[in-house]
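Work through the exercises below with the sequence and the structure open. Try each task before reading its solution.

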Amino acid sequence: MNAPTPLHPALADLDGFNVEIDAARERADIILGRPPMNVISMPQRDQLRKVFEALDEDDRVRVIVLRAIGENFSSGGYIKGFLEASPEHVSKLAWNIAAPARCTKPVIVANRGYAFGVGFEISLACDFRIVSETCQYALPEQKLGQIPGSGGSARLQKMVGITRTKDIVMRSKRISGQQAYDWGVATECVPDAELEAATDRLVDELRGFSPIAQRTAKKLLNDTEDSTLTIAIELEGHCYSRLRQSDDFREGVEAFHAKRAPKFSGR
């Protein structure tokens, strides 16, 4: 990895995390760095959104990884901060934490140990969740007389259904990394010592695909998650037609027939 690279003057002083860019591997890592629990502060949420937006515009980066230092991904938000924040600021929580979903590039999160509250919610907004066997997901807000406020219960219900979501939210129930994988929340569950290697493999795999095809697939799948089947199929057809005109599609077809690896340009 290169030394931390300031993305923008306004993002030079990051609160509780840092960013590393490996231009040779077209990869950026957003690293939560407030161990042992990696509590996420209110200002940090705004900064995380701005960093995702900056990396989305950074041509050096093809894949973004969200991970953490230490044995726990994050125990959640800074609880006192909720009482100190203005209603206007609190109303932006879901928008900030949805930044990985809005980002046009693939976003992987690597979860080990606790991934509670907003730590779980931002993980749910990522495209791929690689978890270790030590991972525990939870939305414990009911213990504080609250509910998840950054899209966590809504995203989870889409993935596992209302019965399991009520069990997790209304009982503040934890689920293990293996359970998350079995239910389709996690993409992959690996031994703890293999979490970084599994993440590296997925980064390299994703870099091998056409950037424009990946951007199109991510936006299409996110946009049609709430649509009817008829509308989703219609939109899929429009996206297919548009990609049909791309340089990457031509390169992919020519490489297939020439029995060589494609060299995608992202156009």
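**Exercise 1.** How many residues line the largest pocket, and which of them lie nearest its centre?

Solution. The model is predicted: local features need pLDDT of at least 70 and side-chain atom pairs count only at pLDDT 80 or more, while totals for chains, interfaces and linings use all residues. Residues are numbered from 1 along each chain as its sequence is written, and side-chain values use heavy atoms, with hydrogens and water left out.

Step 1. A pocket is an open set of points on a 1 Å grid over the protein atoms alone, where a 1.4 Å probe fits, with protein on both sides within 12 Å along at least five of seven lines; lining residues have an atom within 4 Å of a point.
Step 2. The lining of the largest pocket holds 24 residues, and Cys126, Asp127, Lys218, Leu221 and Asn222 lie nearest the centre.
Step 3. Two or more lining residues come from each of α5 (99–102), β6, α7 (152–160) and α11. Helices (H or I, at least four residues) and strands (E, at least two) are DSSP runs, numbered from the N terminus.
Step 4. The largest share, five residues, is that of α11.

**Exercise 2.** Find the buried residues of α10 and state where they sit around the helix.

Solution. Step 1. Helix α10 spans residues 195–207, and its 13 residues reach 19 Å from first C-alpha to last, close to the 18 Å expected at 1.5 Å a residue. The expected span is 1.5 Å times one less than the number of residues.
Step 2. Leu195, Ala198, Thr199, Leu202, Val203 and Leu206 are buried, where buried means under 20% relative accessible area, exposed over 50%, and partly exposed in between (1.4 Å probe, protein chains only).
Step 3. Seen down the axis, these residues fall within an arc of 140°, so they line one face of α10. The arc is that of the directions from the helix axis to the C-beta atoms.
Step 4. An α-helix has 3.6 residues a turn, so residues three or four places apart point the same way.
Step 5. The buried residues of α10 pack against β2, β3, β4, β6, β9 and α11; contact means heavy atoms within 4.5 Å.

**Exercise 3.** Trace the pairing of β1, β2 and β3.

Solution. Step 1. Strands count as paired if DSSP finds at least two bridges between them.
Step 2. Six bridges join β1 to β2 in the antiparallel sense, and Glu20 stands opposite Asp29 in β2.
Step 3. Four residues lie between the strands of this hairpin, where Glu26 takes a positive phi near 55°.
Step 4. β2 and β3 pair in the parallel sense, also over six bridges, with Ile31 opposite Arg67 in β3.
Step 5. Five of the six residues of β1 are buried. In β3, five of the six residues are buried, so the strand is largely enclosed by the rest of the structure.

**Exercise 4.** Is Phe116 buried or exposed, and what does Phe116 touch?

Solution. Step 1. Phe116 lies in strand β5, an edge strand (114–116) of an open sheet with the order β5-β7-β8 and mixed pairing.
Step 2. The relative accessible area of Phe116 is 8%, so Phe116 is buried.
Step 3. Not counting residues up to four places away in sequence, Phe116 touches Ser74, Ser75, Gly76, Gln136, Tyr137, Ala138, Pro140 and Arg174.
Step 4. One of these contacts, Gln136, stands opposite Ser176 in β8.
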